[in-house]
Every structure is written in structure tokens, then in C-alpha cells.
Amino acid sequence: MLSVLLRIEHQLTRLALMVAVLMLVVSVTLSFYQVLTRFVFNAPSTWTEVASRASMIWCVFMAAAATFRGGYMMAVEVIYKWLPRRGLLLLEVAIVACCLLVLGVMCYYGILMTLRVSNQVMSGMNISMSWAYAAIPTGATFAMISVMARLAAQLSGREPVGPENSEVLPEVAMLQPAEQPNAEQTNAEQTNKGTPL
């Protein structure tokens, strides 16, 4: 059952990431077109700035799902080194609860804002402003699914607990400053190895 849910979540996160990449391409293309029409043809486009901004908003909120799923949000990594395994799981549960609270608030108020601006029209375009604001609840919903799937995968042991691509070195690899060889000793050892007896 869990593997089926994780597969569905994987496809949803992939979809969110593809939409984010597509929106980034659209935003960059429209920005380039706007610069071209303004400075080369001296006839600035009236709609590209608004469309570029809306597509960038969609890019950011849809990419949030993939960012949450991969554990690429900022993390205080030293806490993960101090706590035992059981403490790490409790920490992850607390982090997920906070994330779900924030994302739930974003989803709720995002829906209210989307409904509130549904009668307004984007300047230069005959499109409802709600299409831009709809990125907030949509991205928050995808991110909530990703957050819950990450926690489920960690609790079941399918994924490691803690941030991915951590910059914190394992304790075994860490040396105390006194134990690290200085540059002169290293150079002398390499010279002695190359010198015939």
C-alpha cells in the first residue's frame, strides 16, 4: 500500500517539477521577447511583463513540491548530528507538522485570494487574475503531498532520515585540528618518498 502511494506521489512530484521547468522556460522567453521589442524594435509589448511574472510565480510554487520531497530546503544540519536515531524521527515529525501547518495556511488563504480576484483582469491581457493566484493553493497542495510522502518513506526505512546532500561530514572522517598534518610535514613525506636511498 505504501509503495503504491509513494509511486503516485512520485508521479505527482514529477508533474509539478515539469510544470515548474515549463513555466521557467516561458518566463525567460517572454522576458527576452520583451527586451527585444522594447530596445531593438522600440515598440514595447504590453502583455509580456505580466505574463512573465505570472509564469515565474507558477514556477516557484510548483518547484516547491520537488524541493520539499528531495529535502533541499535549508536545514540546521548540526542538530541531526547531535540527536540519536529516535530523536531524529521525532525531529522529522515535528518539522513535517510545522511544514503542513504553513502549507495548509497557504492553501486556505490562497484559495480565498484566488476567489477574491476572480473578477479582476490582468493588465494587457484578457485573462482573469485568478490564474496567477491559483499557483499558491496548487503548489501548496503538491508540497503537502510531497512532505507527507517524505515522512512516510523515512518512517518506513525506505529513505534516510535527515537532509539529503548534507555538507556535514561523518564523525569518522572529521579530524581534530591537532590531528591534521600540516603542509610542511606532507611535503617532506612526499619528498622523502621520491628520494632514492
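Axes are taken here as lines fitted to C-alpha atoms, for helices over the stretch in contact, and the angle between two of them runs from 0 to 180 degrees between their N-to-C directions. With that convention, helix 2 and helix 6 of this predicted model pack at an angle of about 5°, their axes lying 7 Å apart. Because angles under 35 degrees count as roughly parallel, helix 2 and helix 6 are therefore roughly parallel to each other. On the side of helix 2, the residues making this contact include Trp58, Phe61, Ala65 and Phe68, while helix 6 contributes, among others, Ala135, Gly139, Phe142, Ala143 and Val147.

This pair belongs to a protein chain that has seven helices and zero strands, so that, in the order of the sequence, the pattern reads α-α-α-α-α-α-α. The chain comprises 197 residues, of which 32% count as buried, and it exposes about 13,300 Å², with carbon and sulfur atoms supplying 67% of that area. When contacts between residues at least 6 apart in sequence are considered, 70% of them join residues at least 24 apart.

In soluble globular proteins, nonpolar side chains tend to be buried together. The largest nonpolar core in this model has eleven residues, namely Ala64, Phe68, Val96, Cys99, Leu103, Cys107, Ala140, Ala143, Met144, Val147 and Leu151. Two or more of its residues come from each of helix 2 (48-70), helix 4 (85-116) and helix 6 (135-155), and helix 6 gives the largest share, five residues.

Helix 6 is mostly covered, with 15 of its 21 residues buried. From its first C-alpha to its last, helix 6 reaches 30 Å, which is close to the 30 Å expected at 1.5 Å a residue. After helix 6 comes Gly157, a residue whose phi is positive, near 85°.

Key: Residues are numbered from 1 along each chain as its sequence is written. This is a predicted model: local features need pLDDT of at least 70, side-chain atom pairs count only at pLDDT 80 or more; totals for chains, interfaces and linings use all residues. Side-chain values use heavy atoms; hydrogens and water are left out. Helices (H or I, at least four residues) and strands (E, at least two) are DSSP runs, numbered from the N terminus. Buried means under 20% relative accessible area, exposed over 50%, partly exposed in between (1.4 Å probe, protein chains only). Contact means heavy atoms within 4.5 Å. Accessible areas come from the Shrake-Rupley method with a 1.4 Å probe; for residues, only the protein chains shown count as cover. A nonpolar core is a set of buried Ala, Val, Leu, Ile, Met, Phe, Trp, Tyr and Cys residues joined through side-chain atoms within 4.5 Å. The expected span of a helix is 1.5 Å times one less than its number of residues. Angles under 35 degrees count as roughly parallel, over 145 as roughly antiparallel, 65 to 115 as roughly perpendicular and the rest as oblique.
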